[in-house]
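Please look over the model shown here.

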Amino acid sequence: MPIDILMPALSPTMEQGKLAKWLKKVGDKIKPGDILAEIETDKATMEVEAVDEGVLASILIEGGTDNVAVNTPIAVIAGEGEDAGTAAAAPAAAAASVAAAAPAAVAAPAVVTAPAAPPAAANAYDASSEVPAGTAMVPTTVREALRDAMAEEMRADGNVFIMGEEVAEYQGAYKVTQGLLQQFGPKRVVDTPITEHGFAGIAVGAAYEGLRPIVEFMTFNFAMQAIDHIINSAAKTLYMSGGQLGCPIVFRGPNGAAARVGAQHSHDYAAWYSNVPGLKVVMPFTAADAKGLLKSAIRDPNPVVFLENEILYGQTFPVPQMDNWLVPIGKARIHRPGKDVTLVSFGIGMTYCIKAAAELEKDGIDCEIIDLRTIRPMDIDTVVASVMKTGRCVAVEEGFPQSGVTAEIATRVMGRAFDYLDAPVIRITGKDVPMPYAANLEKLALPNVGEVIAAVKAVTYR
Amino acid sequence: MAVAARKAKTVAPKPGSKASGSKASVKIIANFPQLTRDEDMHAYKEMLLIRRFEEKSGQMYGMGLIGGFCHLYIGQEAVVVGMQMGSKPGDQVITGYRDHGHMLACGMEPRGVLAELTGRRGGYSRGKGGSMHMFSREKKFFGGHGIVGAQVSLGTGLGFANWYRNDPSVSLVYFGDGAANQGQVYESFNMAALWKLPVVYIVENNRYAMGTSVNRASAQTDFSRRGLSFNIPGEQVDGMDIRAVKAAGERAMEHARSGKGPYILEMQTYRYRGHSMSDPAKYRTKDEVQKMREEHDPIEQVRARLINQWKVAEDELKAIDAKARDVVNDAAEFATHDPEPDVAELYTDILL
């Protein structure tokens, strides 16, 4: 059967090109790999190689022709033992059918409209039902709660292990992994060299194989070295594999500002990770949430970025004494019910809201405080339901202002509850500067209670 | 000889040269790792399938049926086929973006691979991954990675999982001479050696990182030495000679499997085509490419042995080629007419 040679597409963007010259002439024997012609594309001069064996039966487009559309038949090769003369007569029809079939199939997606993501109703989540009535509450630091969560999950599942810098012998740079080496041994509590990019990749590879790694970054600032594996290797693989290859892994460690550690050790990455489909991003405030969410994160089949805070590590909260204390990822918690204004925050941002609400109560302003707990997927329903009740919203975070998590909250509240808002949403964020070292400047760079109080007074027109 | 092996025991007779079937070369061959007739036949079939598949991919790219990037493996077939011939069930494979050959060598279906190239629902990733992103848990193929060098850390992690589970499997980690300069490669070497992980690192040195020759990019061009500061043994192998590849692969895998830690194999190979389909390959001469094709082609070497040493009839070889073409044409037919993914697929497989 004669074989048509079509004008090839030689780059992802090429639609037409110049058939510069033929390097073979009619009657020449052709074998795979032979250079047939030169084509000038929009980018470069390329060679057309023969794929099939035979004799060049005819040339349909002469050398030097400009603007030859991709898939136009340019020559015909006659197969072994075929008559070049009769072969030359056949090509046009066959070539046309190939040319017609290919672009039609390729062009199809351009006219397809992306289906909208399913809308959700604004039903507030009731976190108060998470702890059964009568459960004993034990005062616990966030640090201990995180350690207990890991220990419980490691006991329950032999595939769970922790790796990171100083997690084992040193007992954790911030003592979060204290005692785990003694309990689980060096195979499951793995000290790594200082090599974030490498060990994050190793952990993701181990997760592909079905282990459930917990990767501790000494701080999330250092995870910048590893962010390629968090995003390109962990978050995207399930999608790129058509659902075949999940990545059950937790990346955890302290995030954001501590105290006086300068710009390279104070960055809040909540907004960065929250931008990425395929990740879950958790940022707890209380010890109970830290424990329940970390246990959920370890059990989750997806990659979870778990953002802790050094200042919160030592703070004590009541933690329910339960065998299986789990907090669902993706659900907010109403920390303080109120009727006048909705304060939304997460992680250490909650501390500003709680203090501001206590002050504002003295002025007769009743604040509802929502702790998002999870940044992605974001429980915007609980926020919207609250705003529908209060008509006002202030969102607080320590991260930078541009493209921040609170910008996302404000946009979604506007989209879902515009008619209920009695004032524009106000965002209180860290200042748009690298974190300074000087005590006075650092204090200025972070949000403060006064700013939250002023914002609440502004949206309530007091 | 451009791809001469460094070590005495892996010195090959000039492949494809006149001598390969003559009496003079027989003596050298006697000291050289040999394949049985069945192994040579297997190698021929496997490599030919990859060659024909890649030729078809290039053709379909030209027809606009395959979009974006498409990196062909033509010329390098002996590397992955030889390694697979020495591997055991359960051994994992991971590589970069030039991955079609690895998938076929792992036993993945040509239809599924080609339909992924055309972005159709029958593709291994249901059309959502493309040429560089396919996986098969069943065949222990873990991608298909587009970030140069990322597969080295990820593949070390596969070896970590074997170590963690006391599983005797070995992780086979392929990367190019270009990726060999990435920092995470050495981070991974360090940890693999430190923890004695069962990993074989296979550097497919095809002499060009896109358009940059090895000499212009690498201070140390002997990639088998890249693990020396971590005490990782390595050797240079004639990656165009499947016998050398298989023998070196078996040595390396035995080393890794026996708990001695990682091993590096530099496979000296060559890609005939450009880096991707849109590469005019101006950084090398046509003569260089032609010389490699004529004198060192991995498939022609096996073919010559089949004819001269094993007395296989030309007709039988023709039939093998015809069968490879049939398989590839069937895959092309499927990949051309299989529907695109349902639009609902846009929002699936983001989270489990």
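This is a predicted model: local features need pLDDT of at least 70, side-chain atom pairs count only at pLDDT 80 or more; totals for chains, interfaces and linings use all residues.

Residues are numbered from 1 along each chain as its sequence is written, chains are lettered from A and ligands numbered from 1 in the order in which they are written, and side-chain values use heavy atoms, with hydrogens and water left out.

**Interface**

In chain A, 76 residues are in contact with 61 residues of chain B (contact means heavy atoms within 4.5 Å). The two chains bury about 5800 Å² between them, 61% of it on carbon and sulfur atoms; buried area is the accessible area (1.4 Å probe) that two parts lose on being put together, summed over both. Lys187(A), Glu209(A) and Tyr239(A) supply 14% of the area that chain A buries against chain B, more than any other three residues.

Between chain A and chain B there are 26 residue pairs in polar contact, both residues at pLDDT 80 or more. A polar contact is a pair of N or O atoms within 3.5 Å; within protein, one must be able to donate a hydrogen and the other to accept it, and residues adjacent in sequence count only if both atoms are side-chain atoms. The largest share of the side of chain A that touches chain B, 10 residues, comes from α5(A). Helices (H or I, at least four residues) and strands (E, at least two) are DSSP runs, numbered from the N terminus.

**Salt bridges**

Over all chains the structure holds 51 salt bridges, and 6 salt bridges are counted between chain A and chain B. A salt bridge is a side-chain nitrogen of Lys or Arg within 4 Å of a carboxyl oxygen of Asp or Glu.

| Arg165(B) | Glu209(A) | 3.0 Å |

Lys286(B) is partly exposed at 48% relative accessible area, whereas Glu38(A) is buried at 17%. Buried means under 20% relative accessible area, exposed over 50%, and partly exposed in between (1.4 Å probe, protein chains only). Lys246(B) is buried, at 10%, and Glu39(B) is partly exposed, at 23%. Both Arg305(B) and Asp40(B) are buried.

**Single residues**

Glu398(A) lies in the loop between β21 (393–396) and α13 (405–417) of chain A. Glu398(A) is buried yet has no salt bridge, and the nearest side chain of opposite charge, Lys355(A), is 9.6 Å away; Lys and Arg count as positive and Asp and Glu as negative, while His and the chain ends are not counted. The side chain of Glu398(A) does make a polar contact of 2.6 Å with that of Tyr352(A).

Tyr61(B), in helix α2 (residues 37–62) of chain B, is buried with a relative accessible area of 2%. Leaving aside neighbours within four places in sequence, the contacts of Tyr61(B) include Ala9(A), Pro12(A) and Met277(B).

Cys106(B) sits in the loop between α4 (100–105) and α5 (110–117) of chain B and is buried at 12% relative accessibility. Not counting residues up to four places away in sequence, Cys106(B) touches Gln84(B), Val93(B), Lys139(B) and Phe141(B).
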